[in-house]
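Hi,

Here is the structure I said I would pass on. Have a look at it first, and then read my notes below.

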Amino acid sequence: MCHCGINIGGVVNVPEVVEYAKTLPNVVWTEGNLYTCSEAGLSSIRDSIKKHGLNRVIVASCTPRTHEPLFRATCEEAGLNKYLFEMANIREQCSWVHSHEPEEATAKAKGIVRMAVARARWLEPQDEPEVDVSDSAMVIGGGVSGLTAAVTLANQGFKVHLVEKEPQLGGITRRLGKIYPTLQDSSEIIDPLIKTTTSNENIQVYTSATLKDVSGYVGNFKVTLKKGTEDMKLDVGTIVLASGALNYEPPKGSFQYGVLGGVVTQLQLEEMLARGEVAEPERVLMIQCVGSRTGEVWTYELSDMSQSFAARLLSKILGVKKEEGWPYCSKICCMNAIKNAIRIKELWPKAHVDILFSDLRTYKEYEDFYRKARALEVKFIRYIREIPPEITEAPNKKLNVTAYDTLAGVETEFLCDLVVLSTPLCPSKEDVMLARMLKVPLGPDGFFMEAHPKLRPVDCQSDGIFIAGTACGPKDIPESIISAKAAAARASILMANRKLRTEALTADVNTDLCIGCGLCEELCPYGAHKIQNGKSTTIAALCRGCGVCAADCPRHAITMRHYSDRQILAQVEAMMA
Amino acid sequence: MSEIDTVESTVDTEKAKRVNFDPRILVFTCNWCSYAGADLAGTSRLQYPPNARIIRTMCSGRIDPVFVLEALRDGADGVIVTGCHPGDCHYVKGNFRAEKRFHFLKMALKQLGVEEDRVRLAWISAGEGEKFSLLVRDMTDKVRELGPNQLKSSTIRSTSEVRS
């Protein structure tokens, strides 16, 4: 039993649950640890297995989704088959959700432990089947993250298929003029990367290509690509998802965007500067947090219940009216605005640049970048979101902006040539389709969700798929490159081994009970059941362990390894005990 | 009222409700979406009544209606089967199968005279921690209104007895 510091111990009376566990049938040894996942806790598991001859081990702590592999490995080190380990989740599903009810939480923890013990009694050792892993990878997206991941994998000798839906590689990075904080041309970064990618003989690039279908599983994904009218089939072992993000465009009329000519987004300004379309301005005004940190979440198809929690909270507390946009901070816009302000100042030292911000977040070394802008006399003026700046047309193609300056406490007018909106990176609508195809979840903001935000930041919940770059949230270029290299490294672990042990969660047919009705064959989504000589047989290599067959078998002839009827019913029974 | 007061008074009202009847709710979750959604409710510290116990299976398609019947027979006051949203199933279409069986389960329960609100099917994604907590809260309230499950005292033989 783990206290997890105060995470569990602060709510659940752990010593009481330890004492309770001693009274459960078959329990011969119990112990409370401050942190069971610490080396002390783990060595105690190993020692107890040997000392007390344990043949089942249960850890009551956090979620198996993060810590089960660690505890299973510990059991294996002590010679216990890892399928004889069971976990009771008393943190995420108990102490953290009943923080104000210590007594009820303690009673619930006892119940959860009792259920785990009941299940553990029926656990059986399992052998894990070994599958071959194809040593080729598919990278989805040809932006800076996708290119980096592709090159990293190819340099390790793996065959890489790089799929990009646009006709050109480079993603958003290619559209940026300069990059912060070095103010070098983005082409200095992206062009060599594109060249290395296209000249690498291990990388096959497919531009103007989209995914049509993905089936299979880790080590053996079967991918269908669509390029023009042509379909192509690929067999890959791993997938790196680097589909990137979009630059949010405000709806027409918001801050006069799309209505008045001089109102543009930062990305549009960069493209205009790169093409030399900007005449020397007298004054440029930038507005931060346009379409980000808003009170409303823009959802696609996901249920509105989960999406709008932060939004509803905000509107309740702050009374923020409904705004179009995204609830999160996009992290890069502050530095991006400062970068463009410095560029304008360097191009035209006489031009005035004002930045209207609600909160400025220039973390790490970007504080120096902010100071540099201040030294160049870029003015930072704080506005509040409840009183957004108003933009009207002025003579000579100028724009008149009225904003409430919170420092001076007065409304100030600005006569500007350009109004630049700092808009966030946001997920694209295609992500929903992509998520369905790959069977990976989207998070509350609509970005792809990592398996664990801290412990597994580039893994997807589905094995063999890894996330790089802005597909899982706003990132700047260095962060995108870091995550791309991390994703490539994670993918290469699988491919370098060439073999993979898959979880032994397959179906097992009792031929004495089977009447050969063929329902399992009909229902199995993977074709893992075949009727031979009037009886069903399982092809273990194809079985993914969903258990549809076992639940539907009219004769209860199919047992799911590690999720058998007995194990589940024992839990049901123990819940009520 | 401060935020802490609000929380405490909510807890008090909840406790008052429990004096009469404290329902026992069983939630089946699939490993990939809804169990992760339940975990997210935890990491987001979204509080819900402590009446629910969770059993994890790999897929909602694993849920044999017998498990639900068995739970009701053993004395559960409500059972929720949760899975990935339609189209999001990790195993392609296991949740569709779960849904199909669920309709038959409801028919069987009707025959047994069990109120149909005692069982519920819900789709919870890994990102829907709030939906999970609201679901448990709502189910607890609904089942509390229904009162204790009467099937418990009936004489239906356990399926495990039948099978062994």
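How many helices and strands make up the secondary structure of chain A? There are 18 helices and 28 strands. Before you go further, bear in mind that this is a predicted model.

**Chain A overall**

Taken along the principal axes, the C-alpha atoms of chain A fill a box of roughly 90 × 60 × 40 Å. Chain A has 577 residues, and 56% of them count as buried. If you take the contacts in chain A between residues at least 6 apart in sequence, 68% join residues at least 24 apart.

You'll find A:Asn533 in the loop between strand E26 (529–532) and strand E27 (535–538) of chain A. Is A:Asn533 buried or exposed? With a relative accessible area of 83%, A:Asn533 is exposed.

In soluble globular proteins, nonpolar side chains tend to be buried together. Here the largest nonpolar core has 37 residues, and the ones with the most contacts inside it are A:Leu269, A:Met286, A:Ile338, A:Ile344, A:Ile355 and A:Phe380. Several elements of chain A supply at least two residues each, including helix H9 (266–274), strand E15 (283–287), helix H12 (333–347) and strand E16 (352–357). H12(A) gives the largest share of this core, with seven residues.

Setting aside neighbours within four places in sequence, A:Leu269 is in contact with A:Val264, A:Val278, A:Met286, A:Asn340, A:Ile344, A:Leu418 and A:Val420. Another core, of 36 residues, lies apart from the largest one; among its members are A:Val133, A:Leu193, A:Ala242 and A:Ala491.

**Where the chains meet**

Now for chain B. In total, 61 residues of chain B are in contact with 57 residues of chain A. The size of an interface is often given as the accessible area lost when the parts come together. For chain B and chain A the buried area is about 5500 Å², and carbon and sulfur atoms give 59% of that.

Which polar links cross over? The rule finds 18 residue pairs in polar contact across the interface of chain B and chain A (both at pLDDT 80 or more). The count of salt bridges across that interface is six. Have a look at B:Asp88 and A:Arg436, whose side chains meet in a salt bridge (3.0 Å, N to O).

On the side of chain B that touches chain A, helix H1 (3–18), strand E1 (25–30) and helix H2 (34–43) are among the elements that each supply at least two residues. H2(B) gives the most, with seven residues. By class, that side of chain B has 31 nonpolar, 11 polar and 19 charged residues.

Helix H3 of chain B (residues 65–74) is mostly covered, with seven of its 10 residues buried. The buried ones in H3(B) are B:Val66, B:Phe67, B:Val68, B:Glu70, B:Ala71, B:Leu72 and B:Asp74. Just after H3(B) comes B:Gly75, which takes a positive phi of about 120°.

**Salt bridges**

Side chains of opposite charge can pair when their charged atoms come close. Over all chains, the count of salt bridges comes to 40.

A few to click on:

- A:Lys398 and A:Glu282 meet through their side chains (3.1 Å, N to O). A:Lys398 lies in strand E19 (residues 398–405) of chain A and A:Glu282 in the loop between H9 and E15, so this pair ties together parts that are 116 residues apart in sequence. A:Lys398 counts as buried at 11% relative accessibility, whereas A:Glu282 counts as exposed at 54%.
- B:Arg144 and B:Asp141 also form a salt bridge (3.6 Å, N to O). The two are three residues apart in helix H5 of chain B, so about one helical turn separates them. B:Arg144 is buried, with a relative accessible area of 16%, while B:Asp141 is partly exposed at 28%.
- Salt bridges that share partners join A:Glu39, A:Arg46 and A:Glu77 into one network. Within it, the side chains of A:Glu39 and A:Arg46 meet at 2.5 Å, N to O. A:Arg46 counts as buried, at 16% relative accessibility.

Cheers

Key
Residues numbered from 1 in each chain as written. Chains lettered and ligands numbered in written order. Predicted model: local features only at pLDDT ≥ 70, side-chain atom pairs only at ≥ 80, totals over all residues. Heavy atoms only, no water. Core = buried A, V, L, I, M, F, W, Y, C linked by side-chain atoms within 4.5 Å. Buried < 20%, exposed > 50% of the residue type's maximum accessible area, 1.4 Å probe, protein only. Helix = DSSP H or I, 4+ residues; strand = E, 2+ residues; numbered from the N terminus. Contact = heavy atoms within 4.5 Å. Buried area = accessible area lost by both parts, 1.4 Å probe. Salt bridge = Lys/Arg side-chain N within 4 Å of Asp/Glu carboxyl O. Polar contact = N/O pair within 3.5 Å; in protein donor to acceptor, adjacent residues only side chain to side chain. Nonpolar A, V, L, I, M, F, W, Y, C, P; charged D, E, K, R; others polar.
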